Amino acid sequence: MIKFSEMQLKIPKMARPVFLVTGGMSEFRRAFPEKKTEELCIEALTMAAELINMSPAELKSYIHTAYYGHFADHFGDQLLGEAVIHDRLGLDPLGNIGIKTGGATGGSTLWEAFKTVASGYSDCTLAMGWERMDEVPTDEGNNYIACAADKDWETPLGHIYAGYYAVMAQRYWKVFGKEEPSFRETLAKIAVKHRGYGYHNPFAHGGMKITVKDVLNSPVVAYPLRALDCCLMSVGAACAILADEKTAFKMCKNPLRIYVAAGSHTLRVADRRNMEIPLLPHETPETYKDFSKRYPGADRYPGFTSFLATRMSAYYAYRMAGIQNPLDDLDVAELHDAFTISDVQSYEDLGFRPYGQGRDYVESGDCYHTNPHTGKPGRLPSNLSGGLIGCMHAVGATGIMQTVELMLQIWGRHGEIHGDPKRWEAFGKKKPEDWVDLQVKGAKRGLAISHAGVGSHVTCTIVIHPNHLLKQD
Amino acid sequence: MATTKSLGTARVEKGRYELEGKFHRIEPGTPIRREDGKLCGVTKPRSLIHLHSYGGEAVFFEGLTKRKIYATRCDNPACDAKGSIFLPFRIYCPDCLRKATVIDVTDLCRKTATIYSFIVTERTGAFNTLKIPIKFINVSFEGVCTILMSYLSVGEPKIGMRVVPIFRTRNPTYTIEDLSWVPEGTPDSKLPKGFTF
């Protein structure tokens with residue numbers, strides 16, 4: 001049993017409020033044979049400028065420091081890629097730094113940019129993320145990704161990351177899924193939902209209309225996970241601009257409050273030692289009384305069924321932002337669905353449901369834009385972008401893309417940006433005739449989870465309309 | 001293609017690497033063109049050999065070739081984790097950061113190893129050398145606070161199944177692949193080539 005000190009559990013306190021001013025994205029694809037990374041980054045920054053009616057040059061004039069997230073130098077075959085992009089964006093001589101935390105790189109990039117504004121070091125920062133995953137064939141890409149596991153103890157075992165995730169799915173299915181076939185169907189419903197939402201997103205490259213049967217019949221990658229349970233491998237860029245209050249309102253009319261917190265846990269699932277469950281504001285020790293009796297096999301926390309890093313990022317972030325109950329206080333979420341199983345695990349780590357009951361978030365219809373059982377809005381819709389399964393996983397960009405999506409939702413501009421036929425056309429696509437506006441009406445607060453490896457790094461980003469804050473500064 | 005003889009090898013003398021043979025190969029790339037012949041990029045072939053130090057974990061990987069499994073234990077009386085046994089091997093206790101004691105847990109593994117979780121996969125990344133389908137297993141041991149990732153070489157895995165270790169003693173790779181597991185009661189005749197109990 002390991003324990004944490006009071007100092008370690010201190011809720012982060014910022015020296016001043018931080019605002020999300022704008023953000024942008026490139027299109028995401030499996031490959032861009034005719035575009036360099038810098039072209040994608042410039043597209044993202046240009047979109048960010050256009051959203052607040054600025055020219056890129058005008059927007060750049062506010063930026064004081066720059067954070068660049070890209071996970072894998074070896075994918076892009078370029079060390080110091082951040083220096084290349086910084087130069088191509090014409091941001092010299094500003095201080096800049098590269099951020100790398102695997103799949104959480106985008107979120108971590110925001111975390112650093114956030115702290116820089118909060119501390120007063122900069123009044124305006126750029127958080128830009130990208131990934132170049134098309135310069136090797138998929139199996140070599142899988143090997144590269146597996147290099148993010150422990151290279152002595154894990155990577156040689158198959159050189160495939162999906163395998164390291166699937167053992168968690170297997171254990172979860174036994175302990176919390178009670179080995180019921182219907183649990184496997186719940187996972188499939190998540191893939192159907194995210195691919196389906198991606199279908200309405202012009203930036204996405206994994207959108208499609210599929211059925212539960214399609215998922216269950218797709219090829220096994222690492223049983224019980226199948227091809228359609230897995231995230232995409234993508235190329236693209238996303239960026240966000242953060243600023244202090246005075247600068248933010250100078251730059252645009254409607255900046256949003258942003259909070260970012262982070263957690264971590266062992267790189268190897270193998271090294272997770274047993275501990276007490278850190279409680280979120282709406283949980284009590286009663287919530288988990290007799291837990292291992294109710295769920296035989298749940299004798300270890302976080303074991304193979306939960307992510308301590310996600311729980312800790314929420315532990316800090318909820319209290320920073322004043323969130324008491326995520327289902328009551330949040331309107332929209334973007335979760336890190338690297339695999340359908342990790343989506344379910346995250347529901348519990350984030351307290352959308354107590355540990356062991358994550359699938360109910362799907363089965364109840366709460367997770368949908370429109371609850372399929374009631375025809376009414378879902379209680380807390382998630383991954384309306386399509387997420388990593390339906391939209392993209394251009395690793396360094398992912399956590400930032402999620403935050404841009406939250407921003408568009410809270411601005412009420414989701415339909416405007418995703419439904420513009422010219423945007424579809426610019427990406428070489430035709431807007432579907434049955435396109436659906438996935439704007440969450442009246443969205444005021446959103447949450448995004450950016451997650452690395454099998455839970456080594458996780459960030460929790462919360463975006464709130466400033467008129468709907470939950471906590472005084 | 002480089003011959004085996006020309007492949008780079010290394011040894012350590014007086015604390016320094018001494019290298020022999022070729023550690024990289026240079027080959028020309030080729031253009032990548034569109035259907036209409038327009039240039040988009042180039043291929044960039046390369047082959048190189050990395051040197052990797054096992055540091056304080058070397059004893060574990062050497063041990064596998066001698067049919068031994070070593071773990072480590074925190075013996076610091078002032079540490080809350082005192083007595084914790086780590087497998088995967090940790091050179092230092094993660095709590096007190098004092099160097100942990102290397103202990104032989106081969107018998108413990110033979111007597112108490114149980115499958116905690118598993119998966120079976122036919123897909124691998126590039127450079128995989130394990131036989132497909134790979135049966136990944138996560139193995140728990142009595143009194144050990146961590147759970148080892150490995151692979152099953154005989155039979156079908158199940159959660160809770162008792163397994164025993166086997167070791168690649170013929171032509172070892174000096175990697176984690178030299179350790180595998182089979183269901184308790186598996187006869188010698190069923191072991192994969194090169195492995196022994």
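Biologist: How many residues does helix 7 of chain A have, and what distance does it reach?

Modeller: Helices (H or I, at least four residues) and strands (E, at least two) are DSSP runs, numbered from the N terminus. The expected span of a helix is 1.5 Å times one less than its number of residues. Helix 7 (residues 161–175) of chain A has 15 residues, and its first and last C-alpha lie 22 Å apart, close to the 21 Å expected at 1.5 Å a residue. Please note that this is a predicted model, in which local features need pLDDT of at least 70 and side-chain atom pairs count only at pLDDT 80 or more, while totals for chains, interfaces and linings use all residues. Residues are numbered from 1 along each chain as its sequence is written, and chains are lettered from A and ligands numbered from 1 in the order in which they are written.

Biologist: Is helix 7 of chain A enclosed or open?

Modeller: A residue is buried if 20 or more other C-beta atoms lie within 10 Å of its own, exposed if 12 or fewer, and partly exposed in between, with C-beta atoms placed from the backbone. In helix 7 of chain A, 15 of the 15 residues are buried, so the helix is largely enclosed by the rest of the structure.

Biologist: Which residues of helix 1 of chain A are buried, and what covers them?

Modeller: Helix 1 (residues 37–51) of chain A also has 15 residues and a reach of 22 Å. Its buried residues include A:Leu40, A:Cys41, A:Ile42, A:Glu43 and A:Leu51. For the cover, one looks for contacts, that is, residue pairs whose C-beta atoms, placed from the backbone, lie within 7 Å. Among the covering elements are strand 1 (19–25), helix 2 (56–60), strand 4 (124–131) and strand 7 (236–243) of chain A.

Biologist: At what angle do helix 8 and helix 14 of chain A pack?

Modeller: Axes are lines fitted to C-alpha atoms, for helices over the stretch in contact, and angles run from 0 to 180 degrees between N-to-C directions. Helix 8 (residues 181–198) and helix 14 (residues 340–349) of chain A pack at about 100°, their axes being 9 Å apart. That makes helix 8 of chain A roughly perpendicular to helix 14 of chain A (under 35 degrees is roughly parallel, over 145 roughly antiparallel, 65 to 115 roughly perpendicular and the rest oblique). Helix 8 of chain A contributes A:Leu187, A:Ile190 and A:Ala191 to the contact, and helix 14 of chain A contributes A:Thr340, A:Ile341, A:Asp343 and A:Val344. These residues divide into five nonpolar, one polar and one charged (Ala, Val, Leu, Ile, Met, Phe, Trp, Tyr, Cys and Pro count as nonpolar, Asp, Glu, Lys and Arg as charged, and the others, Gly among them, as polar).

Biologist: How far apart are the axes of helix 5 and helix 17 of chain A?

Modeller: The axes of helix 5 and helix 17 (residues 395–411) of chain A are 5 Å apart, at an angle of about 65°. Residues of this contact include A:Gly106 and A:Gly107 of helix 5 of chain A, and A:Gly396 and A:Gly399 of helix 17 of chain A. The contact divides into five nonpolar, eight polar and no charged residues.

Biologist: What does A:Phe114 touch?

Modeller: A:Phe114 is found in helix 5 (residues 105–119) of chain A. With 25 C-beta neighbours inside 10 Å, A:Phe114 counts as buried. Leaving aside residues up to four places away in sequence, A:Phe114 touches A:Val18, A:Leu242, A:Ile258 and A:Val260.

Biologist: Which backbone angles deserve attention?

Modeller: Phi and omega may be read in turn. A:His159, in the loop between helix 6 (138–146) and helix 7 of chain A, has a positive phi near 55° although it is a residue other than glycine. A:Asn383 has a positive phi of about 55° and is not a glycine; its place is in the loop between helix 15 (359–363) and helix 16 (387–390) of chain A. As for omega, a cis peptide bond with omega of about 15° joins A:Tyr223 and A:Pro224, and a cis peptide bond with omega of about 15° joins B:Leu87 and B:Pro88.

Biologist: How many residues of chain B are in contact with chain A?

Modeller: In chain B, 34 residues are in contact with 31 residues of chain A. Strand 10 of chain B gives the largest share of the side of chain B that touches chain A, six residues. That side divides into 20 nonpolar, nine polar and five charged residues.

Technical notes: Contact = placed C-beta atoms within 7 Å.
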